[in-house]
Amino acid sequence: MIHIGKLLGYILLGVNAVLAALLCFSAFSPYLNPHTSPVASCAGLFFPVLLILNIAFLFFWVVVYRRYALFPLAVLLVCWNSIQTYSPINWFQQDAPEDAIKVLSYNTRAFGNLQPHTKEKPNEVLAYLQNSDADIICIQEYIYGGKLKKKDIDYALRDYPYRHYYALGKGMNGLGCYSRFPILSTKPIPYEKTGNGSIVYYIKVKEDTLVVINNHLESNKIGREDVEAYQDMVDAPNKENVSFGMRKLLKKMAEATAIRAKQADILTETLRGLRGKKLIVCGDFNDTPISYTHRVLGEELQDAFVEAGNGLGISYNRDRLYIRIDHILASKNLKVFECKVDDSIKASDHNPIWCRISLK
């Protein structure tokens, strides 16, 4: 029995070692170039699952054989920066000063699928934005049509005298900005994929000029068939379902990751030309905090949610996919206070993210 117990312990330690290696690979996968390693660079998607399994092993060894608990503990310490990036803890924070501005980013999914806006039945997204008390609003998937006209959107947000709309490609998709402060000028950053884009706003905030970049990067193009394959994999995780679902999803994810990497590289060149400016980069990155896109864009910036948020901050909330792909990054000459992903509104497949920022 003693020999059997030891053998079982060695087997479990081996399993723990494999999971630890996978966690480390996932944590450092943002350093892989998606152009050359598109599939491997998607490893960050598995980070939360691998993290939970390694934490489970830590508790298991604490109960069964404490000496072995040092191994998963050491692995968690090696991956600590990635853990803090993925799910930060900031329980004790300063209150924002009175001069702090509120910046809000929201992928509205065509303002809740083109829901009309009337006095009797207001559009849920527009009503939320009206009551948000934000000073600068950046909108992705700014799509209007049918019974929802652009004039309806502008009128609903009439408290924001400065506004800009940028159409992406030939379709109706676009990026929007509504501001309480004057928008001095704008500059688009086009990409090869015309359905995506970024735009730079130069905004006069009292004595300062704040540079805000609103982004909608390449989506993963997950269709209904892909969602059904994923749900089958979750509901009935047998070998056939998991193998088929993983191959199907990873192929699409890898293709989109490579495209986003190119967009992130273009945007990074723009950011280098803005060094020293008071800068905010926000929007729908379509990538998690453990990704190449987030790493290269945040190299000289601070992630507002990491600095002043708590927990997972899930911003995508559909089809049993619960991840943070909407972000606000700020230059280090700005001070971030109180960042939240707001799950109180369900009109879009994204939750809005907002934070308070002091320019002084």
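Let's start with Y65, which is partly exposed, at a relative accessible area of 37% (buried is under 20%, exposed over 50%, and partly exposed in between, with a 1.4 Å probe and protein chains only). Y65 sits in the loop between α2 (47–64) and α3 (66–78); helices (H or I, at least four residues) and strands (E, at least two) are DSSP runs numbered from the N terminus.

## About the model

This is a predicted model, where local features need pLDDT of at least 70 and side-chain atom pairs count only at pLDDT 80 or more, while totals for chains, interfaces and linings use all residues. Residues are numbered from 1 along each chain as its sequence is written, and side-chain values use heavy atoms, leaving out hydrogens and water.

## The sheet

Now for the open sheet: 6 strands in the order β5-β6-β7-β8-β12-β9, with mixed pairing (two strands pair if DSSP finds at least two bridges between them). At the edges are β5 (183–190) and β9 (301–303), each pairing on one side only.

## Around β7

Of the 9 residues in β7, 8 are buried. β7 (208–216) runs parallel to β8 (278–284), joined by 7 bridges; L210 stands opposite K278, and I213 has V281 as its bridge partner.

With β6 (197–205), β7 pairs in the antiparallel sense over 9 bridges, and G197 faces H216 as its opposite number. The two strands make a hairpin with 2 residues between them, and K206 in the turn has a positive phi of about 55 degrees.
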